[in-house]
Amino acid sequence: MEPASVRKHSLLSMIARNGGHGEHSPYFDGWKAYDRNPFHPTQNPDGVIQMGLAENQLSFDLIEEWIKNNPTASICTPDGVGKFKDVAIFQDYHGLPEFRQAIAKFMGRVRRGKVTFDPDRIVMSGGATGASETLIFCLADPGDAFLVPSPYYPAFDRDLRWRTGVRLIPFACDSTNNFQVTLAQMESAYAKAIEANINVKGVILTNPSNPLGINLSKETLTSLLSFTFEKNLHMVCDEIYSATVFKSPAFTSIAEVMQETECNPDLVHIIYSLSKDMGLPGFRVGIIYSYNDQVVNCARKMSSFGLVSSQSQHLLASMLSDEVFIEKFLEENSRRLGKRHSRVVEGLKQEGINCLEGNAGLFLWMDLRHLLKEPTPDAEMELWRVIIKDVKLNVSPGSSFHCPEPGFFRVCFANMDDHTVEVALQRIREFVSRGNKNGDDKKHWRKRDLRLSFTSRKCDESLISPRQIMSPHSPVPQSPLVRART
Amino acid sequence: MSYVLSNGKPLLSQKATNDGHAENSPYFDGWKAYDSDPFHPTQNPSGVIQMGLAEHQLCFNLVQKWLENNPEASICTKEGVDKFRDIAIFQDYHGLPEFRNAVAKFMGRVRGDKVRFDPDRIVMSGGATGAHELITFCLADPGDAFLVPTPYYPGFDRDLCWRTGVRLLPVVCHSSNNFKVTRKALEEAYAKAVEANITVKGLLITNPSNPLGTILDRDTLREAMSFINEKNIHLVCDEIYAATVFRQPDFISIAEIIEEDQEYNRDLVHIIYSLSKDMGFPGFRVGIVYSYNDAVVECGRKMSSFGLVSSQTQYLIASMLSDDQFIEKFLLESAGRLATRHKDFTDGLRQVGIKCLNSNAGLFLWMDLKGFLKESTVEAETDLWRVIINDVKLNVSPGSSFHCSEPGWFRICIANMNEETTKVALARIQEFVQRNGDKLNRKEKCWQSDLRLRLSFRRMDDVLRSPCSMSPHSPIPQSPLVRART
């Protein structure tokens with residue numbers, strides 16, 4: 001805690017100075033390596049392949065075709081420009097009615113019609129990033145806490161805590177039961193927090209999970225919901241990967257569970273976005289869906305700080321309400337994700353590398369414990385540096401997701417084309433065989449000079465720019481995403 | 001529903017349950033009246049005319065023509081769709097380089113190229129609303145204060161204070177010197193804060209002013225700079241109306257002043273900008289924070305994740321704003337049309353003895369109706385306001401909503417309607433004055449009878465577009481903006 005005199009005379013706020021943005025973490029070597037040397041199939045075939053970005057780039061052709069066939073969805077085409085003025089002046093924080101209706105319908109479709117969503121409960125926000133923060137501002141005061149199962153999405157540390165002053169209390173899931181969240185773990189974490197006199201306001205679940213790529217079962221969700229009901233805790237479900245489920249078990253939303261279990265709707269809230277399911281992170285479509293009227297009201301007022309561009313609302317309202325297209329998209333998108341997932345899992349298995357059995361998400365949870373020289377976070381970091389420097393793949397170490405068990409890595413597979421996948425698998429193949437040739441794998445890493453220079457940048461998919469060079473004056477080159485796309 | 005749990009603890013946050021959103025003020029009669037009876041030239045010619053929305057609707061034909069001639073500016077036209085995927089995945093919080101370059105160039109053009117802006121200092125945010133909140137989070141801690149000259153834009157109460165916990169302290173300005181911001185008033189406000197043991201972190205000025213429509217002269221700007229340098233506090237300049245200056249004297253930006261003296265501490269200066277007023281695109285949520293302080297740019301950029309501009313919109317705007325020829329024509333034409341509209345209204349009002357503050361910018365007039373008050377009180381102003389809504393059927397904004405210290409001033413927006421509606425509005429005012437000519441200023445209460453409109457909780461300022469009732473379940477009627485468009 002700073003002395004009052006420091007605080008008083010400091011030019012910037014505490015929030016600006018406290019590093020709560022989370023970017024001063026050591027996990028930036030991967031980004032820097034990628035940034036300096038990005039893979040390109042022809043121009044730079046030896047470059048680092050980006051496997052740290054959870055993006056869905058597999059289905060753009062479907063969207064592009066739809067756009068060509070639906071010129072009225074845009075306010076810039078000859079067919080649509082007549083609407084330009086009305087849309088350009090529309091800043092109503094309720095959002096375009098057709099947008100809310102389309103989102104509500106889409107969310108229902110993704111859940112196979114098992115639930116319907118009320119358009120009047122749809123609240124916009126600046127991406128899922130803005131949605132998470134806004135929801136926490138509505139539910140908790142500085143110092144309050146939310147329980148969160150780990151491993152979890154790293155940017156929650158920033159989104160839920162930085163400007164809100166709210167705390168996160170992780171409770172660890174582990175490999176002994178395939179990282180399933182259990183009621184027992186949640187109960188125990190809750191009890192500990194209460195004992196430490198922490199005011200727990202709720203729990204936050206990501207379902208399907210990032211980084212694990214698995215769904216919560218209906219039974220588990222039911223028991224967790226009942227627990228929160230019993231303890232009067234908010235249940236926040238981040239369901240932004242709901243349409244990335246490509247294999248059974250089918251996705252069960254908290255919305256479905258609510259219909260069948262006793263609960264207090266005032267305590268249930270869903271975070272959604274089109275960034276993962278549709279692959280449109282640039283459009284910043286964040287959604288808060290709350291069953292609590294007061295939260296809807298409050299969040300809606302707060303949404304002024306991050307409304308969705310009316311231009312994008314207009315486009316998406318049209319796209320998402322095209323039922324024929326959406327049905328085709330969801331099916332084909334799922335199929336392509338499933339196919340990609342299988343290929344990568346198979347390729348890794350051939351090299352003796354197992355992954356958590358996943359059925360959703362844009363990534364794999366890869367088990368490299370057998371390659372660690374010892375089961376410690378340091379050993380994991382060391383292995384990670386090898387993967388970046390030697391194998392030239394930017395993957396994300398489990399510790400960046402607060403995974404207490406060293407040796408797991410998240411590998412994104414949906415942000416590249418088939419050729420790049422093969423290159424990546426080939427590199428892993430070579431790496432493993434080199435390791436085998438050298439006998440004791442573990443000793444091998446230890447001997448090499450593996451230190452990469454540290455920079456302080458964050459390695460997670462919310463910070464797409466690996467160009468977070470600290471000086472704002474540095475010229476910002478074209479996004480690596482553009483270059484990475486092969 | 002219960003706001004308190006059975007254990008006595010609150011269900012939601014304090015921010016969710018306090019009045020920080022600033023919508024619980026009694027100034028909603030106008031919105032409700034407009035909402036329930038909106039003017040339409042043919043369908044509802046005796047409805048309420050919306051004059052409470054500071055919008056620039058006079059130049060859409062120019063923009064539309066440009067769009068027709070520049071299809072590649074959109075990622076949805078056949079000429080532009082091949083860029084769709086690159087743009088749709090772009091979520092780098094630095095923003096598209098071409099966007100930043102174009103905005104920096106545009107800002108320079110608007111200031112007659114007397115200053116240059118560095119694209120690397122451009123930080124995005126969710127509209128000017130998001131920009132104000134963001135800069136406040138960077139500069140001040142809860143409990144700290146910003147000084148702000150009155151009258152000021154009502155949205156500041158929410159934008160700067162609600163989630164940040166920061167306070168606004170008024171610097172009172174008077175009509176006796178045309179509401180000029182004097183050094184004396186600044187010093188007085190500062191001294192008062194010090195006495196009350198409140199830490200002042202900065203001064204917020206809006207130039208051109210909302211609601212006054214005037215620009216700050218060079219001396220005033222220099223005084224402000226000298227004041228903040230002396231006190232070592234920040235200067236935040238909201239310049240979102242910069243391109244609405246339609247007549248001499250020329251607009252002087254703080255960016256110009258900062259170059260005049262090497263002794264000025266640049267780390268204290270920040271500009272808030274947006275395209276909502278100058279271009280008429282409030283729906284696109286293009287907010288900009290431009291800071292001369294490197295640490296603020298860096299921190300602000302990280303925070304911008306909570307409210308980035310949609311990449312679809314960035315791409316369009318980048319193209320539009322970098323078309324020098326178009327922009328030059330637009331700015332000239334816009335100023336010309338605003339000047340004409342301004343003259344039409346001021347002439348029309350003068351004909352019936354209504355004076356306005358002499359102004360040369362903005363999308364509104366600051367109308368002096370002091371002579372019409374039965375007594376010089378806020379209550380009398382509110383009474384008169386209800387008459388204007390109920391009898392004259394114009395939704396204007398009473399000065400007290402802008403924290404004006406003197407009762408009797410009203411802001412009327414004049415750029416959000418076509419010429420026909422302008423004539424109707426003026427005719428109504430003229431007719432009202434003529435009808436009540438002998439009654440006015442005679443302190444009779446004849447217009448008080450039966451004019452109390454039912455209070456509802458909605459905000460009356462140019463930010464809040466929705467005239468919807470508080471329940472999120474109510475069917476949301478079509479935005480009044482759409483209906484208001486004649």
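Which side chains meet in a salt bridge at 3.8 Å, N to O? They are those of A:Lys247 and A:Glu357. The model described here is predicted.

**Two domains within chain A**

The domain assignment divides chain A into domain 1, residues 4-55 + 335-485, and domain 2, residues 90-321. The contact between these domains takes 32 residues from domain 1 of chain A and 33 residues from domain 2 of chain A. About 2900 Å² is buried between the two, with 61% of this area on carbon and sulfur atoms. On the domain 1 side, A:Leu356, A:Asn359 and A:His402 supply 22% of the area buried against domain 2, more than any other three residues.

Across this interface of domain 1 and domain 2 of chain A, there is one salt bridge. There are also 16 residue pairs in polar contact, both residues being at pLDDT 80 or more. Helix H14 (323-350), strand S10 (363-367) and strand S13 (408-412) of chain A each supply at least two residues of the domain 1 side. H14(A) gives the most to that side, with three residues. By class, the domain 1 side has 13 nonpolar, eleven polar and eight charged residues.

**Chain B against chain A**

The contact between the chains takes 106 residues from chain B and 105 residues from chain A. About 9600 Å² is buried between them, 60% of it on carbon and sulfur atoms. Three residues, B:Ile89, B:Gln91 and B:Phe306, supply 9% of the area that chain B buries against chain A, more than any other three residues.

Three salt bridges are counted between chain B and chain A. One of them joins B:Glu133 to A:Arg163, and their closest N and O atoms are 3.9 Å apart. Helix H11 (residues 294-303) of chain B gives the most to the side of chain B that touches chain A, with nine residues. The residues of that side divide into 48 nonpolar, 30 polar and 28 charged.

| Interface | Buried area | Share on carbon and sulfur atoms |
|---|---|---|
| Chain B and chain A | about 9600 Å² | 60% |
| Domain 1 and domain 2 of chain A | about 2900 Å² | 61% |

**A serine in a loop of chain B**

B:Ser209 lies in the loop between strand S5 (200-206) and helix H9 (218-231) of chain B. B:Ser209 counts as buried because its relative accessibility is 8%, and buried means under 20%. Leaving aside residues up to four places away in sequence, B:Ser209 touches B:Thr214 and B:Phe364.

Methods: Residues numbered from 1 in each chain as written. Chains lettered and ligands numbered in written order. Predicted model: local features only at pLDDT ≥ 70, side-chain atom pairs only at ≥ 80, totals over all residues. Heavy atoms only, no water. Helix = DSSP H or I, 4+ residues; strand = E, 2+ residues; numbered from the N terminus. Buried < 20%, exposed > 50% of the residue type's maximum accessible area, 1.4 Å probe, protein only. Contact = heavy atoms within 4.5 Å. Buried area = accessible area lost by both parts, 1.4 Å probe. Salt bridge = Lys/Arg side-chain N within 4 Å of Asp/Glu carboxyl O. Nonpolar A, V, L, I, M, F, W, Y, C, P; charged D, E, K, R; others polar. Domains from an automatic or database assignment. Polar contact = N/O pair within 3.5 Å; in protein donor to acceptor, adjacent residues only side chain to side chain.
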